[in-house]
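I opened my notebook for this one and went through the coordinates entry by entry. Here is what I looked up, in the order I got to it.

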Amino acid sequence: MGVEAQSKHQMIDKKKALSILGIIFVAFNLRPAITSVGPLISSIKADIGLSNAAAGFITTLPLIAFAAFSFLAPKFGQRFGLERVVFAGLLTLIAGILIRFISMTFTLFAGTALIGIGIAISNVLLPGIVKEKYPLKVGLVTAVYTTCMSVFSAVGTGLSIPLAEGFGLGWEKALLCWGVLAIPAAIIWMSQLRKPARADDVKTPALQGSSIWRSKIAWQVTIFMGLQSFLFYSMIAWLPEILNGRGISISTAGWMVSVMQLTGLPMTFLTPVLASRFTNQRGIVGMIGCLYTTGLLGVLFAEGIPLLILSVMLIGIGQASSISLALTLLGLRADNAQQSAALSGMSQSIGYSLAAVGPVLIGIILDITASVTIPILLFIAIIIVMVTAGLGAGRNQTVFQQNNPPLP
């Protein structure tokens, strides 16, 4: 290999390493600024004076932002370039974290909205970036970044109480700490901005003449994405309170929710890898439904902390598998990066509209009934619908394969 060729090869390797590192650091920031709120809801309610329904809106507000900006993000990505828009999202996230630090009702909700907007942009565009840069390794790269996302989602939940109470930071500074992740992510991602915006992305042949909104399988992916998000955010917000209603201290309940997320980490990595190797993903969908339902029934009926922990762990495995499968489907059900971004925008905009109902609805149910049974039964009903949609989304077919029967 000549000196010039070797130098070019090293440059390509460096770019790939920076790209993967950037994706990983962006993934670090996709959950903790939100999941860290759940264990602190009681402190926030007491300090500012919020009802359960209003407190649930703290978790719902980012989902509303997800729904609105998930629709717009692919359009911005085509206009300005996927990498540049992700960078703008990271800056928005940092601004939201800083504003939320101010202990006022308005700044709490305004900062939370900006956090939702910033995260929504990366949520939507990362699958397209992965499809573009690693078309033959969608499952593996998705596995890496969803695992990183899930690790810090769990860390956000588990560290909230220790930071706020153990270190005496209070809920405001405990939530501010997550800026430590966002700032390095923005700095590392700057290396991706050297790539010019692609003018040919504005009009993509794959997106002309056929609307993704008329694709049956796109709607099935959307419903699966939305309902798994409904379950995830509802449980992050209220499972500590539900476990507290079963006689578990709020601090222990917070760590149990963290254990729930950590338990699922192996499946967060394995699910995308397996999904990309199977002809279809229906078997994985069925497994997710069984794990989730068994775990929820355990939370409802199990006696004693050991059985409750086991039940929470089963929920964690089902939860981790469902989110990583949903994100993997955004690549598997598309033929190229633009289709993936369009499917991601559709599924996350409509999907998070469904998810946004969750935390507020569960808060209202708890306010009215003061019972943990009804929320759990509602979760099980949601799982049944999610699995039904997932069986359709798991077909070996892409969103624009029209008039073709699904492959077995």
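**Entry 1: a residue in a loop**

Does Ala 370 count as buried or exposed? I looked it up: at 70% relative accessibility, Ala 370 counts as exposed. My cut-offs were under 20% relative accessible area for buried, over 50% for exposed and partly exposed in between, with a 1.4 Å probe and protein chains only. Ala 370 sits in the loop between H15 and helix H16 (373–393). Helices here are DSSP runs of H or I with at least four residues, strands are runs of E with at least two, and both are numbered from the N terminus. I also noted that Ala 370 has a positive phi of about 55° although it is not a glycine. Most residues other than glycine have a negative phi.

A note to myself on the source: this is a predicted model, where local features need pLDDT of at least 70, side-chain atom pairs count only at pLDDT 80 or more, and totals for chains, interfaces and linings use all residues. Residues are numbered from 1 along each chain as its sequence is written, and side-chain values use heavy atoms, with hydrogens and water left out.

**Entry 2: the nonpolar patch**

Next I went to the surface. Phe 71, Leu 72, Phe 76, Phe 80, Trp 213 and Trp 219 form a nonpolar patch there, with about 520 Å² of accessible area together. Patches take residues with over 30% relative accessible area and no salt bridge, joining like charges within 9 Å and nonpolar side chains (Val, Leu, Ile, Met, Phe, Trp, Tyr) within 5 Å. The areas come from the Shrake-Rupley method with a 1.4 Å probe, and for residues only the protein chains shown count as cover.

Which helix gives the largest share of the nonpolar patch? I found helix H4 (residues 52–80), with four residues. Phe 76 belongs to helix H4, and its relative accessible area of 34% makes it partly exposed. Trp 213, at 33%, is partly exposed, and so is Trp 219, at 32%.

Phe 71 and Gln 348 are 277 residues apart in sequence, yet their C-alpha atoms are 7.6 Å apart in space. Gln 348 is in helix H15 (residues 337–369) and is buried, with a relative accessible area of 1%.

**Entry 3: rings**

How many aromatic pairs are there? I counted four aromatic pairs, taking rings of Phe, Tyr and Trp (its six-membered ring) with centres within 6.5 Å; planes under 30 degrees apart are stacked, over 60 edge-to-face and the rest tilted. The rings of Trp 213 and Trp 219 have centres 6.0 Å apart and planes at 65°, so this pair is edge-to-face. Ring pairs also link Phe 25, Phe 28 and Phe 152 into a cluster.

**Entry 4: salt bridges**

My search of the whole structure found two salt bridges, each a side-chain nitrogen of Lys or Arg within 4 Å of a carboxyl oxygen of Asp or Glu.

In one, the side chains of Glu 83 and Lys 133 meet at 3.8 Å, N to O. Glu 83 lies in helix H5 (residues 82–100) and Lys 133 in helix H6 (residues 105–133), so the pair ties together parts that are 50 residues apart in sequence. Glu 83 is buried at 2% relative accessible area, whereas Lys 133 is partly exposed at 27%.

Arg 246 forms a salt bridge with Glu 303, with the closest N and O atoms 3.8 Å apart. Arg 246 is in the loop between H10 and helix H11 (250–263) and Glu 303 in the loop between helix H13 (282–301) and helix H14 (305–332), 57 residues apart. Arg 246 is partly exposed at 23%, and Glu 303 is exposed at 62%.

I checked lengths against an expected span of 1.5 Å times one less than the number of residues. The 30 residues of helix H10 (residues 216–245) should span 44 Å, and the end C-alpha atoms are 41 Å apart, which agrees. The 29 residues of H6 should span 42 Å, and the ends of H6 are 42 Å apart, which agrees.

Where does H10 kink? I found a kink of about 55° at Trp 238, shortly before the proline Pro 240; the bend is the angle between axes fitted to the seven residues ending at a residue and the seven starting there. H6 has a kink of about 30° at Leu 125, shortly before the proline Pro 127. In H10, 24 of the 30 residues are buried; in H6, 22 of the 29 are.
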